[in-house]
Amino acid sequence: MTTLITVLKGGGRYDAVWVERLARGVRRHAPAFDRILCLTDLPLAVAGVERVPLRHDWPTWWAKMEAFRPGLTRGPTLLCDLDTVLTGPADALAEPGLAAMEDYFHKGRLSSALLRWDGGELDFLHAAFAAEPERWMTPGACGPVPNAVHGDQVVIDHLMRREGLRPDFLQRLHPNLLDFYDPRRAEHGPVVIFIGAAKPDTATGPVRSAWEAP
């Protein structure tokens, strides 16, 4: 069974609308996913999305570490950020094999915006983080890194390197799959990634239409 996981932590910019719109895009453009799970601390009720309660009160993006909880999925699993917009065929995201988006700013480093694994392959990430969350949330916990912001992907990258795991990058596997949003262009896709201040709710043109499509 192939599963897409997204995480909605209450108190921030995102709400159920973002989950619904991501799910619509997945069903339309990546039907190879059998299930869509949303890990959340909110009373979410979105058609076609299985709500899974968060167990920890890890703040902001650190809640994404719960996506690696043992037993959540079997088979290919994709962690996908809520601000991802699908505008065309994206079943390649559901293919098996350890892979991640390469960080836009730091070549050779993974981004947790899109991260794929199989079943319990990355259970160790949750085990390590849950054992010492305060340690891992502290800047500098992973030694010298190029990232200006200490977040979940810094820890994920560090722990995977420690285990000798180097995911292949989706940009190399599928050169025409990911596209970074640029307001100067109208056409994007098929998988539109937002970086910095840009988000789907401030996008324009076909990308905004794809995000809002019923």
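Biologist: Which elements each supply at least two residues of the lining of the largest pocket?
Modeller: They are β1 (3-8), β7 (110-118) and α4 (152-162). Please bear in mind that this is a predicted model.

Biologist: What volume does the largest pocket have?
Modeller: The volume of the largest pocket is about 1,100 Å³.

Biologist: And which residues lie nearest its centre?
Modeller: Trp61, Lys64, Asp81, Asp152 and Lys199 lie nearest the centre of the largest pocket, out of 37 residues that line it. By class, the lining divides into 16 nonpolar, 13 polar and eight charged residues.

Biologist: Let us stay with α4. How many of its residues are buried?
Modeller: Eight of the eleven residues of α4 are buried, so the helix is mostly covered. The buried residues are Asp152, Gln153, Val154, Val155, Ile156, Asp157, Leu159 and Met160. Asp152 is also one of the residues nearest the centre of the largest pocket.

Biologist: What covers the buried residues of α4?
Modeller: The cover includes β7, α2 (123-131) and α3 (133-136).

Biologist: What follows the helix?
Modeller: Gly164 follows α4, and its phi is positive, near 80°.

Biologist: What lines the largest cavity?
Modeller: Its lining consists of Arg21, Leu22, Gly25, Thr84, Val85, Leu86, Ala210 and Trp211. Two or more of these residues come from each of α1 (16-29), β5 (85-86) and α6 (205-212).

Biologist: Which element gives the most to that lining?
Modeller: α1 gives the most to the lining of the largest cavity, with three residues. In terms of class, the lining of the largest cavity has five nonpolar, two polar and one charged residues.

Biologist: And which residues line the second largest cavity?
Modeller: The second largest cavity is lined by Ala67, Phe68, Arg69, Pro70, Gly71, Leu72, Thr73, Trp117, Gly119 and Asp123. That lining divides into five nonpolar, three polar and two charged residues.

Biologist: Gly71 interests me. Is it buried or exposed?
Modeller: Gly71 is exposed, because its relative accessible area is 72%, against a cut-off of over 50% for that class. Gly71 sits in the loop between β3 (50-53) and β4 (76-80).

Biologist: How far apart are Gly71 and Asp123 in space?
Modeller: Their C-alpha atoms are 8.6 Å apart, while in sequence the two residues are 52 residues apart. Both Gly71 and Asp123 belong to the lining of the second largest cavity.

Biologist: A change of topic: in what order do the three strands of the open sheet stand?
Modeller: The order is β5-β10-β9, and the pairing is mixed. β5 and β9 (178-180) stand at the edges with a single partner strand each, so one side of each has no neighbour in the sheet.

Biologist: How many bridges join β9 to β10?
Modeller: Three bridges join these strands, which run parallel. Leu178 stands opposite Val191 in β10.

Biologist: Which residues touch the most other members of the largest nonpolar core?
Modeller: Leu93, Leu114 and Val191 do, in a core of 40 residues. α1 gives the most to this core, with five residues.

Biologist: Beyond its neighbours within four places in sequence, what is Leu114 in contact with?
Modeller: With those neighbours left aside, Leu114 is in contact with Leu78, Leu79, Cys80, Leu93, Ala99, Ala100, Met101, Leu170, Leu178, Val191 and Ile193. Another core, of 32 residues, lies apart from the largest one, and its members include Val7, Ala67, Leu79 and Leu125.

Biologist: One last residue. Where is Thr202 found?
Modeller: Thr202 is in the loop between β10 (191-193) and α6. Thr202 is partly exposed, with a relative accessible area of 49%.

Biologist: What is Thr202 in contact with, leaving aside its neighbours within four places in sequence?
Modeller: Thr202 is in contact with Arg13 and Arg208, those neighbours aside. The C-alpha atoms of Thr202 and Pro183 are separated by 9.6 Å, and the two residues are 19 residues apart along the chain.

Conventions
Residues numbered from 1 in each chain as written. Predicted model: local features only at pLDDT ≥ 70, side-chain atom pairs only at ≥ 80, totals over all residues. Heavy atoms only, no water. 1 Å grid on protein atoms, 1.4 Å probe; cavity = no way out; pocket = protein on both sides within 12 Å on 5 of 7 lines; lining within 4 Å. Helix = DSSP H or I, 4+ residues; strand = E, 2+ residues; numbered from the N terminus. Nonpolar A, V, L, I, M, F, W, Y, C, P; charged D, E, K, R; others polar. Points joined across faces, edges and corners; volume = space filled by probe spheres on them. Buried < 20%, exposed > 50% of the residue type's maximum accessible area, 1.4 Å probe, protein only. Contact = heavy atoms within 4.5 Å. Pairing = 2+ DSSP bridges. Core = buried A, V, L, I, M, F, W, Y, C linked by side-chain atoms within 4.5 Å.
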